[in-house]
Amino acid sequence: MPIEIVCKIKFAEEDEKQKEKEEGDKESLIEEPARPRSRDLAAFASTSTLHGLGHICRSGRLGVRQTLWALAFLASLAFFLYQATKSALLYLEHPHIMALDEEATREMVFPAITICNINRYRHSALTDADIFHLANMTGLPPKDRDGHKATDLLYPDPDMADIVNRTGHQLDDMLKSCNFSGENCSSRDFTVVYTRYGKCYTFNGDRRNPRVTRQGGMGNGLEIMLDIQQEEYLPIWRETNETSFEAGIRVQIHSQDEPPYIHQLGFGVSPGFQTFVSCQEQRLTYLPQPWGNCRASVQGEQMLPGYDTYSIAACRLQCEKEAVVRSCHCRMVHMPGNESICSPNVYIECADHTLDAAVEDSQERCSCPTPCNLTRYGKEISMVRIPNKGSARYLARKYNKNETYIRENFLVLDIFFEALNYEAIEQKKAYDLAGLLGDIGGQMGLFIGASILTILEILDYVYEVIRDRVSRVLRRSKPPLKKPSGSIATLGLEELKDQSPCETLGRHVEGAYNTGILPNHHHRHHYPHQGVFEDFAC
């Protein structure tokens with residue numbers, strides 16, 4: 001009786017995942033080992049440092065516990081995004097704060113002191129020609145040598161710079177005594193400077209070699225006695241732009257790096273008083289855009305001749321000069337530059353009106369932002385009457401004046417540092433990039449337990465997913481391999497007598513078995529020509 005051996009050949013599964021796995025295994029045997037497939041979301045969530053994600057992405061159906069964890073995670077994420085947005089908006093506002101500090105030092109640079117007599121022209125110094133040319137400015141009626149009004153008088157063209165220099169109050173006549181830190185000084189220690197008040201004088205204006213003081217308090221600064229010479233003040237016939245009803249001097253305390261702007265920044269000192277001015281230096285530091293609006297000095301920039309650094313006063317003087325030159329084609333005496341100086345008639349008809357308009361519209365026409373580094377001086381002013389009865393008689397004999405003249409014309413100005421310290425006022429960033437990153441990092445850790453490394457984990461997982469998808473697309477584009485069908489084979493005993501099943505299988509090419517050795521190939525369940533032999537059992 002013939003014996004039939006039934007051999008069952010097991011084929012690979014037809015699903016897509018098994019096919020891709022076998023194709024990858026085949027490629028790895030031929031070329032190189034295949035890369036591991038990307039992890040699924042559940043595997044990533046179980047290993048991620050992002051808090052709560054592992055409790056949400058679990059295998060199995062979505063239960064109540066997972067739903068609660070998902071709601072808690074979404075709520076925490078919403079709070080984090082809200083706080084992070086608030087921090088980002090605060091950073092974009094670029095807020096700043098002012099930090100105040102007081103620092104002591106052994107010596108301090110004494111400021112520049114500019115003084116001007118309020119009266120611009122001395123009456124006795126005006127010639128007939130000067131009175132004629134300045135008639136519209138001073139209000140004095142022009143006259144000839146016989147005292148009659150001028151009708152056809154002819155005078156040479158006026159030189160405004162010469163008139164201001166010659167007719168202004170001379171410091172040699174005004175200065176009666178001068179003392180700086182216990183040492184005598186004189187008019188030679190002052191330099192001439194021209195302002196809206198005419199001829200003025202600056203003490204310690206040399207920024208290359210400024211004077212220093214090594215002690216604070218009265219007697220350790222500048223003390224001067226001045227005669228304002230009221231008898232030289234112009235009589236008032238009618239009011240003009242140059243008419244002054246005051247008597248005294250104007251004083252400005254400023255840095256050596258900026259020109260005097262005394263008509264707006266100065267303070268008045270009256271005759272008949274000794275005025276004490278206690279100063280404290282303030283060094284201010286501002287921030288540029290976008291944190292502030294300061295303007296930094298540019299290396300080599302020269303706003304005004306003799307001043308190498310930017311200052312508000314220099315910017316305003318330059319802007320006013322440009323406005324006058326543009327409208328009147330000349331400049332005023334106190335304005336720097338090489339342009340021609342306006343005549344007295346142009347002063348009245350054009351320059352004064354243009355200058356007043358430029359000052360009123362300075363915010364629109366002149367953009368002079370605050371410098372990033374600024375030195376200013378805070379002042380405390382007090383005064384006492386001088387002279388007393390005894391000193392009045394002494395001063396009258398000393399200067400050959402009467403007591404009434406002394407009381408109406410003499411004044412003493414005492415300027416000193418309160419102490420050898422200065423205030424450092426610095427504008428600082430209230431919220432910088434480091435603060436923003438710190439706040440976002442703290443909120444990220446508080447609400448969702450994440451960090452920079454967590455973000456890198458998420459990016460790495462996204463990269464793996466994209467890489468796996470691209471690999472699948474590339475594999476699908478290759479032509480499919482032709483694979484044999486499978487069935488149940490029936491072999492005769494004689495054909496396998498001297499052979500083992502694995503040897504017989506090994507001598508045949510994959511999928512090339514003769515249908516004769518597979519007697520049951522006509523079985524009603526046919527397999528498509530896909531897959532490879534995975535197992536051979538007898």
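Is Phe410, at 2% relative accessibility, buried or exposed? At that value Phe410 counts as buried, because the limit for a buried residue is under 20% relative accessible area. The legends below describe close-up views of a predicted model.

**Figure 1. Overview of the chain in the predicted model.** The secondary structure comprises 17 helices and 17 strands. The chain has 538 residues, and buried residues make up 39% of them. Among the contacts in the chain with a separation of 6 or more, 75% are accounted for by residues 24 or more positions apart.

**Figure 2. The packing of helix α10 with helix α11.** Helix α10 covers residues 312-328 and helix α11 covers residues 344-360. Their axes are 9 Å apart, and the two helices pack at an angle of about 140 degrees. That angle makes α10 oblique to α11, because only angles over 145 degrees count as roughly antiparallel. The crossing of the two helices, α10 and α11, is right-handed. On the α10 side, the residues in the contact are Glu320, Ala323, Val324, Ser327 and Cys328. They meet Val346, Cys350, Ala351, Thr354, Leu355, Ala358 and Val359 in α11. Sorted by class, the contact of α10 with α11 contains 9 nonpolar, 2 polar and 1 charged residues.

Figure 3. When residues up to four places away in sequence are not counted, Glu320 touches Tyr261, Met335, Leu355 and Val359. Two of these residues, Leu355 and Val359, belong to the part of α11 that meets α10. Ala358 is 38 residues from Glu320 along the chain, and the C-alpha atoms of Glu320 and Ala358 are separated by 6.2 Å.

**Figure 4. The packing of helix α4 with helix α15.** Helix α4 spans residues 64-92, and helix α15 spans residues 433-447. The two axes come within 9 Å and cross at roughly 170 degrees. Helices α4 and α15 are therefore roughly antiparallel to each other. In α4, the residues Ser76, Phe79, Phe80, Gln83, Ala84, Ser87, Ala88 and Tyr91 take part in the contact. Their partners in α15 are Leu433, Leu436, Asp439, Ile440, Gln443, Met444 and Phe447. By class, this contact of α4 with α15 has 10 nonpolar, 4 polar and 1 charged residues.

**Figure 5. The aromatic pair of Tyr377 and Phe417.** A pair of aromatic rings is described by the distance of the centres and the angle of the planes. A search of the whole structure finds 9 aromatic pairs. In the pair shown here, the ring centres of Tyr377 and Phe417 are 6.5 Å apart and the planes lie at 40 degrees, so the pair is tilted. The pair links distant parts of the chain: Tyr377 is in strand β14 (residues 373-385) and Phe417 is in strand β15 (residues 410-429), 40 residues apart. Tyr377 and Phe417 are both buried. Ring pairs also link these two residues with Phe110, Phe180, Phe190 and Phe203 into a cluster.

**Figure 6. The aromatic pair of Tyr399 and Phe410.** The centres of the rings of Tyr399 and Phe410 are 5.4 Å apart and their planes are at 50 degrees, so this pair is tilted. Tyr399 lies in the loop between α13 (389-398) and α14 (403-409), whereas Phe410 lies in strand β15. The two residues, Tyr399 and Phe410, are 11 residues apart. With 17% relative accessibility, Tyr399 counts as buried. Phe410 also counts as buried, at 2%.

Figure 7. Pro290 is found in the loop between β13 (273-285) and α10. Pro387 has its place in the loop between β14 and α13.

**Figure 8. Positive phi values at His94 and Gln229.** His94 is a residue other than glycine, and its phi is near 50 degrees. The position of His94 is in the loop between α4 and β2 (96-104). Gln229 is not a glycine either, and its phi is positive at about 60 degrees. The loop between β10 (222-227) and β11 (249-254) contains Gln229. Gln229 is buried, with a relative accessible area of 8%.

Notes:
Residues are numbered from 1 along each chain as its sequence is written. This is a predicted model: local features need pLDDT of at least 70, side-chain atom pairs count only at pLDDT 80 or more; totals for chains, interfaces and linings use all residues. Side-chain values use heavy atoms; hydrogens and water are left out. Axes are lines fitted to C-alpha atoms, for helices over the stretch in contact, and angles run from 0 to 180 degrees between N-to-C directions. Helices (H or I, at least four residues) and strands (E, at least two) are DSSP runs, numbered from the N terminus. Angles under 35 degrees count as roughly parallel, over 145 as roughly antiparallel, 65 to 115 as roughly perpendicular and the rest as oblique. A crossing is left-handed if the near helix is turned anticlockwise from the far one by less than a right angle, and right-handed if clockwise. Contact means heavy atoms within 4.5 Å. Ala, Val, Leu, Ile, Met, Phe, Trp, Tyr, Cys and Pro count as nonpolar, Asp, Glu, Lys and Arg as charged, and the others, Gly among them, as polar. Rings of Phe, Tyr and Trp (its six-membered ring) pair if their centres lie within 6.5 Å; planes under 30 degrees apart count as stacked, over 60 as edge-to-face and the rest as tilted. Buried means under 20% relative accessible area, exposed over 50%, partly exposed in between (1.4 Å probe, protein chains only).
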